[in-house]
Amino acid sequence: MSTLIKNGRVIDPASGTDRVADVLVAGGRIAGVGAELNAPGAEIFDATGLVVAPGFIDMHVHLREPGFEHAETIESGSRAAAAGGFTSVCPMPNTKPVNDSATVTSYIVERARRMAVVNVFPIGAITKGSAGEELAAIGNMKGAGAVAISDDGMPVMNARVMRRAMEFARSYDLPVIQHCEDLNLSAGGDMHEGAKSVRWGLRGIPAASEDVMVARDLLLAELTGVRYHVAHISTKRSIAMVAEARRKGMAVTCEATPHHFTLADEDMAPYDSNFKMKPPLRSGCDKGAVLDGIVAGTVSAIATDHAPHAGSEKMQEFERCPFGVIGLETALALALEQLIHTGKISLVRLVELFTTGPESVVRLGRGRLAQGTPGDVTIFSTEIEWTYDVNQSFSRSRNSPFDGRKFRGGPVATMVNGEFAWRR
Amino acid sequence: MKAGLLGIEELGRAEIEAILARAKDFQPLQSQQLKKLDTLRGKMIVNLFYEASTRTRTSFEIAAKRLGADAVSITASGSSVTKGESLVDTLNTLAAMRPDAIVMRHSASGAPHFLSRYLETPIINAGDGTHEHPTQALLDARTILDRRASLEGLRVAIIGDIAHSRVARSNVHLLSKFGAEIVLCGPVSLLPVELAQLAPGVRLTTDITDAIKDCDVIMMLRVQLERQHEAAFPASEYFRFYGLRLEHLDLAKPEAIVMHPGPINRGRELSSEVADFQRSVILNQVENGIAVRMAVLEKVIG
């Protein structure tokens, strides 16, 4: 079974490729990249006018399985990923039970092998039950397939525990990913603390609650030498601190989500929980700083923080609704809208943010498009016009702030290990 | 199509003026022997209170009855809330009984706004969390206008727990629309700087004497301990720095009035002497509540 992707604009940041060429995929791997390739018997995919890129990696998703299958499953989440152009996803460990042991990691890997249409690389917990106290079996989880550790959503508040976690992670050469939020400062908050929260009488989550944690962790990262990654960075000061750490040569990276570089608190529909997530939509100034951080290279990856919640959970009083929005299917289109059509970055840089960028953190052995690499290919258009209808989503959940948004550009086909996982 | 009353922010001057004028028509009725009209005869109003309330709930109920409507009051503790029903389901159930309006109080900011997206029945907001309390601002305006020709140019000091006050927010929106000058006063932890952007003509101060100086109206707010999730201010010294005492009144204009949305805590936000002071209009506010809510009910259902 082989496929010849003809005449697309092939962009492979790892090799610096950006030219019109053919890509031959055979036996689950990239068999060749070049002009006028011939492959008798291969299925032909005409990619004229389209971009052909290494399969996109989303290093931050929530697939909700095991434990919350009413909101998402590994299968439904992976289908949404494929429809968003992603070929590999890294699910966070806040399942039920928490992915804090090799047993749970193995379960996820095994379920994904049977049910998922994309590659699934789990992220293990830092502490048992993500309770922030006792370290999880980090080495065992790595052995079972975990590619990083994080207590996403339940940040490690105890600095001593975090220091030890960083030391262990360094021993196993795993990155530590932190959801940066000082839980004492953010307690009770429902949205970004600013003019809108004060106007609407909603309790605020101050930008400082993120900055304080980034500052602490950067000091600990310097102390321990760990590879440290800030998840869904959202504030101007945090961006500045990460930029400074990188200038000093520390192994520090960060990711930005499409919703944080597209929306600010003033864009929220009042009391609409489809705009409620953590970190919250920040000020316009913070949003601008995230965009600048992408342009300047401070941000290494675009990640969705795809966080499905069932309709019944989101259809409540704003303060009772859980945090999180889905994002796999709109990520590329939002990135094109905000970064390419505005002329902020090049297409090569955009592809980097979805491939080599996250790959440099989670090291999946993917994110390249060259002879012999895995047959993960994302084919997208910068021009097709379409409208996002959340009710057509492959996700089991509908909590998106982008329902009804008109887009220019988006994924066209997604190939995982040599097979099409999704085609528009 | 439904048109309830969710907040003051989205109302125009003309709408507010019409309600206040209509409330004035209803004022004489309150002291008549026969107080009941039949304007809303055959109409049904549901009062749904998810939060404790004496004056607002009673006031709405009396207002409905004086207009000849039937009123049913439900409090959260005796309802299906305790059986785990969601707010939307409870409201849909009540709406299926075809009331003409639902008057609602809820501890969550935006709860009525959220519901109005799903419900055809008009909703009248009787206080949502720390967001708005529109009928309170309307009755406050009616009370001021009983003593002043206009709100324009008046200097109004609102003092106390501004951060958690829906009364303050609704009053700021209303007073600002009519060109009043508003001074918000409280300790920094209860006075976020963003309040200055709430509406034109708002100034913030942490000094009670600065707030009161030359003002026409002093509105005192209750310290809402039930909404403070940690000690935003040491309770033991609140009265010393932010409690209103008789000597403060010398700083205000000679005819300045003292207002309070109730319930008052003597000795916490105002001294007992101030509460009983001749220019304290706290009970006039309560009385005007009925006339104003009659005007609102008539506008929404009539």
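Author: What follows is a short exchange on domains, contacts and strand pairing.

Author: This is a predicted model, where local features need pLDDT of at least 70, side-chain atom pairs count only at pLDDT 80 or more, and totals for chains, interfaces and linings use all residues. Residues are numbered from 1 along each chain as its sequence is written, while chains are lettered from A and ligands numbered from 1 in the order in which they are written.

Reader: What makes domain 1 and domain 2 of chain A domains?

Author: Domain bounds come from an automatic or database domain assignment. For chain A it gives domain 1 as 2-51 + 374-389 + 405-423 and domain 2 as 54-362. Their centres, taken over C-alpha atoms, are 28 Å apart.

Reader: How many residues of each domain are in contact?

Author: Two residues are in contact if their C-beta atoms, placed from the backbone, lie within 7 Å. Domain 1 of chain A gives 21 residues and domain 2 of chain A gives 26. On the domain 1 side, β17(A) gives the most, with seven residues.

Reader: Why are β13 and β14 of chain A called paired?

Author: Strands are DSSP runs of E, at least two residues, numbered from the N terminus; helices are runs of H or I, at least four. Two strands pair if DSSP finds at least two bridges between them. Three bridges join β13(A) to β14(A), so they pair, and they run parallel. One bridge partner is A:T253 in β14(A), for A:H229.

Reader: Which strands are the edges of that sheet?

Author: The order is β9-β10-β13-β14-β15 in chain A, an open sheet. β9 and β15 of chain A are the edge strands, as each pairs on one side only.
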